[in-house]
Amino acid sequence: YDLIAATGYGRHLFAEHFRCNQVISEIKAFALGVSHLFPQCRTILDIGGQDTKAISIGANGALRKFEMNDRCAAGTGRFLEIMAMALHCPLVDFSNLAKQSTNPQKINNMCTVFAESEVISMLAKGAKREDIAAGIMQSIILRSVSQLRRVGIEKELVFAGGVALNRVMVDLLGEQVGFNILTAPDPQILGALGAARANLG
């Protein structure tokens with residue numbers, strides 16, 4: 001290979017062991033990747049497996065401000081995985097389960113351990129799985145919107161990260177901010193795209 005870039009939590013470790021031309025933070029990588037596909041984007045919500053990032057950018061992906069939740073798995077892809085397991089639902093079917101809800105249940109705890117206990121308690125009391133699933137997604141989006149407001153919500157808003165593959169989550173986010181949300185066909189690789197763009201730039 002001629003050029004290689006590393007981003008994400010393991011970027012420095014990777015750079016130590018491979019001939020790495022560029023080491024770039026996830027924040028900058030997502031800003032560059034998203035702006036490459038969506039030049040008019042000014043706000044990014046990235047919900048990945050381990051953290052959530054709210055990012056405000058200017059023209060050409062210039063970073064303006066960001067908020068990051070990386071202290072626990074609350075509201076992340078891992079959180080969704082654990083909640084799906086608690087509901088005995090494969091993660092790939094979780095979105096479809098939530099779509100069947102007619103009475104979303106409020107989830108009070110966002111700590112993964114306490115939320116799992118709360119879900120198990122709801123099931124024991126007879127709450128429907130689909131209503132709990134919808135409530136879980138609503139709680140994640142409400143938490144994410146609060147994070148977005150701290151950086152400022154401007155159009156266009158791009159939902160990035162693997163959780164953006166969940167259409168219910170995308171629609172809920174749009175309802176909360178009051179306008180349509182943009183997503184990429186492969187939202188989970190936008191950081192890699194940005195790292196590549198930084199290397200070429």
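Reply: Ile-47 is found in strand 3; helices (H or I, at least four residues) and strands (E, at least two) are DSSP runs, numbered from the N terminus. The model is predicted, so local features need pLDDT of at least 70 and side-chain atom pairs count only at pLDDT 80 or more, while totals for chains, interfaces and linings use all residues. Residues are numbered from 1 along each chain as its sequence is written, and side-chain values use heavy atoms, with hydrogens and water left out.

Ile-47 counts as buried because its relative accessibility is 0%; buried means under 20% relative accessible area, exposed over 50%, and partly exposed in between, with a 1.4 Å probe and protein chains only. Leaving out residues up to four places away in sequence, Ile-47 touches several residues, including Thr-52, Ile-140, Ser-144 and Phe-159; contact means heavy atoms within 4.5 Å. Ile-47 and Leu-173 are 126 residues apart in sequence, and their C-alpha atoms are 12 Å apart in space.

Strand 3 pairs with strand 6 in the parallel sense over four bridges; two strands pair if DSSP finds at least two bridges between them. Across this pairing, Ile-44 stands opposite Val-158 in strand 6. Strand 6 also pairs with strand 7 (residues 182–183), in the parallel sense and over two bridges. There, Val-158 stands opposite Leu-182 in strand 7.

In a regular strand the side chains alternate between the two faces of the sheet. Strand 6 is covered on both faces: Leu-157 and Phe-159 are buried on one side, and Val-158 and Ala-160 on the other.

Next comes the core. A nonpolar core is a set of buried Ala, Val, Leu, Ile, Met, Phe, Trp, Tyr and Cys residues joined through side-chain atoms within 4.5 Å. The largest one has 43 residues, of which Phe-94, Ile-136, Phe-159 and Leu-173 touch the most other members. Among the elements that give two or more residues to this core are strand 3 (43–47), strand 6 (157–160) and helix 7 (167–177). Helix 6 gives the most to this core, with 10 residues. Ile-136 touches Phe-79, Leu-80, Met-83, Leu-87, Phe-94, Ile-107 and Val-119, not counting residues up to four places away in sequence. Apart from this core lies another, of 13 residues, among them Ile-57, Val-158, Ala-184 and Leu-190.
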